[in-house]
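Open the model in your viewer and keep the sequence panel beside it. The stops below each give a selection and what is found there.

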Amino acid sequence: MQEIDRERFDHVPERLSGLVDLSYNLWWSWHPAAKMLFKQLNRQAWKESIHNPVRMLQHIPPEFLEAACEDPEYLHRYDIIIDRFGRYMNSRGSWYGEEIHPDQHSSIAYFSAEYGLQHSLPFFAGGLGFLAGDQLKECSDLGIPLVGVGFMYAQGYLDQDISTDGWQGSIEELLDRDAAPITRVLGGDGGQLVVQVPLIDPPMYVAVWKVQVGRVPLYLLDTDIDSNRPEYRTISHRLYIGDREQRLRQEIVLGIGGWRVLRHLGISVSAVHLNEGHPAFALLELIREEREAGKDMEEAMEAVRNRTVITTHSSVPAAIDTFPAALIEPYFKSYLHAMGMENTDFFDLGERPGHRDEGFNMTAFALRTAGYHNAVSKKHGSVARQMWRQLWPDIPEDFVPIDFITNGVHLPTWLNPRMGGLYSRHIGGTCPYWKQEHDNPAIWELIDELPDQELWEQHNWLKNKLFNRIKERKRRKWAEGLDDPLNLVAEGLMLDPSALTLGFARRFSTYKRADLIFQDQERLKRILINPLMPVQIIFGGKAHPDDDEGKRILQRIYRFAQDPAFGGRIAFLEDYGEQSAQYMVHGVDVWLNNPLPPWEACGTSGMKAALNGVLNLSILDGWWIEGYNGRNGWAFGEQSPPVDRDAADAAAIYDLLEREIVPLYYRRSLDGIPHGWVAMMKESIKSVTPAFCARRMVKEYVHRYYRNVLGRESGPL
Ligand SMILES: *Cc1c(COP(=O)(O)O)cnc(C)c1O
């Protein structure tokens, strides 16, 4: 049971009460017409709510709602959308319904430490979270009975605040639980459901919230409740806490607590999917349940193996959570005893071969315990097989059972609605169902029908929108007296919409080499401040609050952005998040990606850019090895690692810019359109979209994993 607190919405007229339900289902966020229903009530209130309809409906002056009730045109649109929403939620027919026999329709539990869903829910750090969010949305669209489990990070917002000398500080902002699109899940007594994490010493409790993502519920765990000891209350405050013990507690809560919550809710689960190793203790809890039901250890492990899949995202052993035995033991004493597992057996399961001294490795444990394992791109598959081959010492590396499913992005979330409208006008005539079948490459051949001029104009419209947003934010801060003039320049005051614009925005992890392009500053300068063919770069991204190295890289870039020698052609966009990502991947001309191989497991931001006609300039690592076809963007870094890899990769970028990218962009016909460039945009859209959308990815998960597991045994595990 969970309920929207309707009293907060007393002032919403009965005729428009559907808006309240809509505001609590993120379905609106990937249906532009639904978003318009809120926006049209009052643009100012929409803006002030920061695109959060729950907050907006709570604060909007009632006269705007009354006016909407009197407006036949608004009501007409309202009725259409509410009807469409109702049909989506209740629809019987779905892709999944046709693929999988209804007897097998029990749930798939999906566990992730982070979810990137929408700006109003600060539950993400970067790519891993957006992947999880896109997975939920796509499962909803395909009718897959997935159930998500994650955290309610109340202090997930760290607003980036960059000082004049370029050092990243952060302003902590608390999530307003009453104004976020989340509801309390209620227990039998009518109060919020609180579940004990079993057998952990001292006892640990979680309260449960829910976000509705279309048809997929996401249950969020919250430890900030009275029943918990003070040190437990902060477990769920924020993502990836640096303190090891607190991080261990987080993972106990997510895996073991998360699984108990699904049990309490009476959800019948057949498959369990772990997004990375953080939730891996869920597997332990599954084994414990089997033991409790009377199976011996071997049978219990076998039963768990049969229905679990772990997706690993990391190529960096140091990035995987490992907990020292001395830290872990006290928590699990009663737990292991109750399930009849010896301490040594437990630590054997979590040993990275040859590294027992590191302690308990979450990914090693998950790979040993789950039956199915996958990496997130073809290249990452081979990296992961090499990295983990010692887990299967008797098997040749090529046969190590770690397969790959390349990541993809949720098209309705990342394709700009206007760009989508353009596609509809030119594809829709021949292929009215193109949106439903957007993972079918044949449909995308029709992109050739787009008139160059329309595509170019639409792209430039989005580019202007990005620039206007950047400048408007700066203008507001300036007017409020909050900004130093130097920061105005560094943050984009001098950006010029007619100049070729590169974008680089993502987490500031060291291996992503955000400052690589500054290797040869003189050469870069010549490229940027060329008066006839200028180039500019917009950067964005946050360093983890504990990552001083990342902050130093950020500072270096920020100082270049302030440096007059670069002529205001470098900008750093503050506070990169879900919203600014949308503007960036829609509005720049070229998306730059230059991580140090082989650390990029997949990467998804380049896919978001490509489906909007933004061209990728990327090193051959992660997804781009599969995505690049010689005609849909630019690639470098193929050769075996040279001595000075950074210098060589930067030189490759300058070469491509000087010889190919800049000339192509500025080669205009009499009509002012760079037809060569537009041809490449079309090639990028049609080659990348069907292959790297979440629809293709999720269908692979169903066919290769979920389906094997479903219906093996009816009822609970
Ligand atoms: C997609 C996305 C990412 C992931 O970017 P990568 O380049 O794949 O690392 C990170 N942050 C935000 C806000 C995103 O939307």
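**Second largest pocket**

The lining of the second largest pocket consists of twelve nonpolar, nine polar and eight charged residues. In this count Ala, Val, Leu, Ile, Met, Phe, Trp, Tyr, Cys and Pro are nonpolar, Asp, Glu, Lys and Arg are charged, and the others, Gly among them, are polar. This is a predicted model, in which local features need pLDDT of at least 70 and side-chain atom pairs count only at pLDDT 80 or more, while totals for chains, interfaces and linings use all residues. Residues are numbered from 1 along each chain as its sequence is written, and side-chain values use heavy atoms, with hydrogens and water left out.

The volume of this second largest pocket is about 1000 Å³. Select His 31, Tyr 88, Asp 141, Lys 435 and Gln 436: of the 29 lining residues, these are the closest to the pocket centre. Elements that give two or more residues to this lining include helix H2 (32–41), helix H6 (72–90), helix H8 (127–142) and helix H29 (694–709).

The terms used here are as follows. On a 1 Å grid over the protein atoms alone, a pocket is an open set of points with protein on both sides within 12 Å along at least five of seven lines, a cavity is a set where a 1.4 Å probe fits but cannot get out, and lining residues have an atom within 4 Å of a point. Points are joined across faces, edges and corners, and a volume is the space filled by probe spheres set on them. Helices (H or I, at least four residues) and strands (E, at least two) are DSSP runs numbered from the N terminus.

**Ligand**

Of the 13 residues around the ligand, the nearest are Arg 506, Lys 512, Thr 604, Ser 605 and Lys 608. Which classes make up this shell? It has four nonpolar, six polar and three charged residues.

Now show polar contacts (pairs of N or O atoms within 3.5 Å). Ligand oxygen atoms lie 2.7 Å from a side-chain N or O atom of Lys 512, 2.7 Å from a backbone N or O atom of Thr 604 and 2.6 Å from a polar side-chain atom of Lys 608. The protein covers 96% of the 390 Å² of accessible area that the ligand has on its own, by the Shrake-Rupley method with a 1.4 Å probe. H8 and helix H25 (605–610) each give two or more residues to the shell.

**Cavities**

The whole structure holds two cavities of 30 Å³ or more. For the largest, about 50 Å³, select the lining residues, among them Phe 151, Tyr 240, Arg 247 and Asp 321. Helix H10 (residues 244–264) gives the largest share of this lining, four residues.

Tyr 240 itself lies in the loop between helix H9 (230–233) and H10. Its phi is near 45°, a positive value in a residue other than glycine.

The second largest cavity is about 40 Å³. Arg 506, Thr 604 and Ser 605 are among its lining residues, and strand E19 (590–593) and H25 each supply at least two.

**Cis peptide bonds**

From E19, move to Pro 598, in the loop between E19 and H25. The bond from Pro 597 to Pro 598 is cis, with omega near 5°. Finish at the cis bond from Asp 201 to Pro 202, where omega is near -20°. Pro 202 sits in the loop between strand E7 (194–197) and strand E8 (204–213).

Conventions. A residue is near a molecule or strand if one of its heavy atoms lies within 4 Å of it. A polar contact is a pair of N or O atoms within 3.5 Å; within protein, one must be able to donate a hydrogen and the other to accept it, and residues adjacent in sequence count only if both atoms are side-chain atoms.
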